[in-house]
Amino acid sequence: MIETFDVCVIGSGAGGGPVALTVAEAGFSVVVLEKGPWFKEGDFFKDDLASSYRSVFTPNLKDEPHVIEESSGDEWSSASSGESGKSFWNGNCVGGSSNFMSGFFHRLKPYDFTQASSFAPIPGANIVDWPISYDDLEPYYAKVEKEVGISGRVVDHPQAEPRSTKNFPYPPTVEHPISKQFDDACQALDLHAIPVARAILPYSDQNRKACSYSGFCGGYGCASGAKGSSRAALLDKAVATGRCTIRPHAKVFHLESDETGKVTVAKYYNSLKEEQQIRARIFVVACQAIETSRLLLLSTGPRHPKGIGNRFDQVGKNLLFSTFAFGSGLFPFEHLSEKEAQDLKRQGPFVNRSLQDWYILKDVETGEAKKGGTIDFLFAHPDPIATANAVKWGPEGLVWGKALQKRLHAVFTKSRRFVFEVFGDWLPNDDCFVSLDPLVKDAWGLPVAKVRVGNHPHAWEIAGFLARRAEEVLTQMGAIGVSSSVNVYPPTNLQAGGCRFGKDPSTSVLNADCRVHDAENLFVSDGSFMPTGGSVPYTWTIYANSFRVADKVVDQLREIKSS
Amino acid sequence: MIARRSFLIKGSLGIIAILSPFLVRHFSRQERSKAKTDPLVSIPAKLWLVLSAVQEHLFPSDGNTPGAQEIKALSYLGSVLEDPLIDSKEKLLIRDGAQQLEEEVQKRYGLSFVALSSEDRENVLRRWEQNPVGGQWIATILSYIFEALLSDPVYGGNPEGVGWTWLEFQAGFPRPPSSRHYLPLSQASKELHTYDRNI
């Protein structure tokens, strides 16, 4: 007999968790199929080898490669992960990549929902308005603050979004002394320093412990449960209802559909590679953008000969990342008093600052408004092995011997590096999409995702402009050796799009409720729905939209049950 | 033939014993059981000597600085070759790069890299760096020296945090306990598939 649930959610990250929790709390049964294992707080350590240098939380690339197509002049050249070592995996375990996020949480702005009608068109960018407005999503942003646990301080600034609640439910996490130095520099430059909201609990609550301020956060699993991962914040609560089953090591490979287009069964392999099946009234896909598109493309059926939702060849198209720039400067200890140096060396408290003074820019030639972005400020990532590896390259090649040791000692003991990260819109374009690779297969014999990663040059200009402004702030703060660079290659952990939502089935995959146009019981609840990205990291928006989709799922279940 | 092979290993072990207790353990273990070592990447004794000499040249010891020996870089590299989560291609690069370097040195000097003066080692490695494989190989050897210097002591390098102390680095907590090495962590997860884990 095939196991049957009211809802089957595929993927357990920020897109899956809100649906599982909402459905379970509404009294329905839900199973969450997760490809990876189920780690808990006790499995997470501040362990750089496990977190960054071995495939512990991501798949072995020999088993599960991606094929990545990059531009080489006028042509596209593709390489599989086996050749390049590159992939788009971020966290394959219960809770997904939200286990390893930094938890810098930003809302989108109202005009991020209306970019086509609010800004001048950009040739080569497929910009459209969203079928919903900021006001439709605002109650869910507020819900995430409570359910996931967001800490912060609301301040008024020119780009502040409208809020339905006065304050965050949790006060800010403890801040590093350098945050004050940052605020002073911004005041001198007539900028508006914004305290960044974090998905981190400053005190124990909701059966989760407070942040332990270890200083090792982004990129590491959270050992206290303070970080608002989908696992710690939502799925543990969902399981506690008694109506949510989490099934780790369940790799879904096919959604079977009938002649009406409805999905009937999710087929998956367990860790012994045995084929299993789940039947449900409603299915929800949330595998992170690239793998969501891949699963829909793999799921052909009588009404879906090119894959579910792909009648108009839209699945996988308009994939989004985030246009990203990075820069840094040094604060040498030798210029400071002993107390100031001790303060600067403090590890644990957060910087928690960003700037959005250039979220909207004025075009120099036309005077028209155009999108800019967000700049987050923080200390350099604490991974010492990465720091050392950066030091081994000198202007003339590799550095070794005494010269290397001298450099290492100086980098680690003479100064502290302060960095910034620029987030700009990744403009949707015809050269950024997911398809199935015709040759490369994974360990289960399934075609892997082939990802073309074309970026739009307009976005690089914006990121470069923002990086230069951020450099000025670091210089004002007294940093030395300030520099920055724009990344043309996409940041792997900021994925969205590929199944954009919209009103017209011929140009979108999902309707405004994030239900697949021609599959009445299939929803997509991860970041795939986003037709444009906005200039902030996506996680808060993914959580919020997933809670919105969850309400639609519950409405549909109630209709099914009452009929 | 078997007798000759056995003689060669014993001969090598004689030299190795003087240089490195790790190598004696390593080869004794290899002789007892080949199962733990990646079958593709078995490194002959003389290349371990080359690897050891290269590591010591790239990361030398002095009174204030822990060098390759103090951070156990060679035994750490041995554990890398046994790590199933590290790609065979990387392991082959480590072996074949050492082999090619040694062949170049033999051709040029009629000696092993191990027997070269510090100045000649520097010259050889700088030339080797210009070779595309050579450059990649040295960068890889350096990256595992850094792991031995700065990863948690439970992984076999950085004994008693000697690398952390030298660089005034404060490790994060909780640190990985020796019983929860990442291999068991990734393997243990496989056992969870048969039941739904209760919270």
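**Charged pairs across the interface**

The side chains of Arg54(A) and Asp83(B) form a salt bridge, at 3.1 Å from N to O. The model is predicted. Arg54(A) also has a salt bridge to Glu147(B), at 2.7 Å from N to O. Arg54(A) sits in the loop between helix 2 and strand 3 (67-72) of chain A, while Glu147(B) is in helix 7 (residues 132-150) of chain B, so this pair joins two chains.

**Salt bridges and polar contacts**

- Side chains of opposite charge can pair when their charged atoms come close.
- The rule finds three salt bridges across the interface of chain A and chain B.
- Over all chains, the count of salt bridges comes to 36.
- The interface also holds 15 residue pairs in polar contact, both residues at pLDDT 80 or more.

**What chain A brings to the interface**

- Seen from chain A, elements giving two or more residues to the side that touches chain B include helix 2 (48-53), helix 3 (81-84) and helix 7 (230-240).
- Strand 8 (244-247) and strand 19 (397-398) of chain A are also among them.
- By class, the side of chain A that touches chain B has 28 nonpolar, 16 polar and 12 charged residues.

**Extent of the interface**

- In all, 56 residues of chain A are in contact with 56 residues of chain B.
- The area buried between chain A and chain B is about 4,700 Å².
- Carbon and sulfur atoms give 63% of that area.
- Phe45(A), Arg54(A) and Trp400(A) supply 17% of the area that chain A buries against chain B, more than any other three residues.

**A four-strand sheet in chain A**

- Chain A has an open sheet of four strands in the order 4-3-22-21, with mixed pairing.
- Strand 4 (75-80) and strand 21 (432-441) of chain A are at the edges; each has a single partner strand, so one side of each lacks a neighbour in the sheet.
- From one strand to the next, the twist averages 30 degrees.
- Which sense does the pairing of strand 21 and strand 22 of chain A take? Strand 21 pairs with strand 22 (residues 447-453) in the antiparallel sense, over six bridges.
- Leu436(A) stands opposite Ala449(A), a residue in strand 22 of chain A.

Methods. Residues are numbered from 1 along each chain as its sequence is written. Chains are lettered from A and ligands numbered from 1 in the order in which they are written. This is a predicted model: local features need pLDDT of at least 70, side-chain atom pairs count only at pLDDT 80 or more; totals for chains, interfaces and linings use all residues. Side-chain values use heavy atoms; hydrogens and water are left out. Contact means heavy atoms within 4.5 Å. Buried area is the accessible area (1.4 Å probe) that two parts lose on being put together, summed over both. A salt bridge is a side-chain nitrogen of Lys or Arg within 4 Å of a carboxyl oxygen of Asp or Glu. A polar contact is a pair of N or O atoms within 3.5 Å; within protein, one must be able to donate a hydrogen and the other to accept it, and residues adjacent in sequence count only if both atoms are side-chain atoms. Ala, Val, Leu, Ile, Met, Phe, Trp, Tyr, Cys and Pro count as nonpolar, Asp, Glu, Lys and Arg as charged, and the others, Gly among them, as polar. Two strands pair if DSSP finds at least two bridges between them. Axes are lines fitted to C-alpha atoms, for helices over the stretch in contact, and angles run from 0 to 180 degrees between N-to-C directions.
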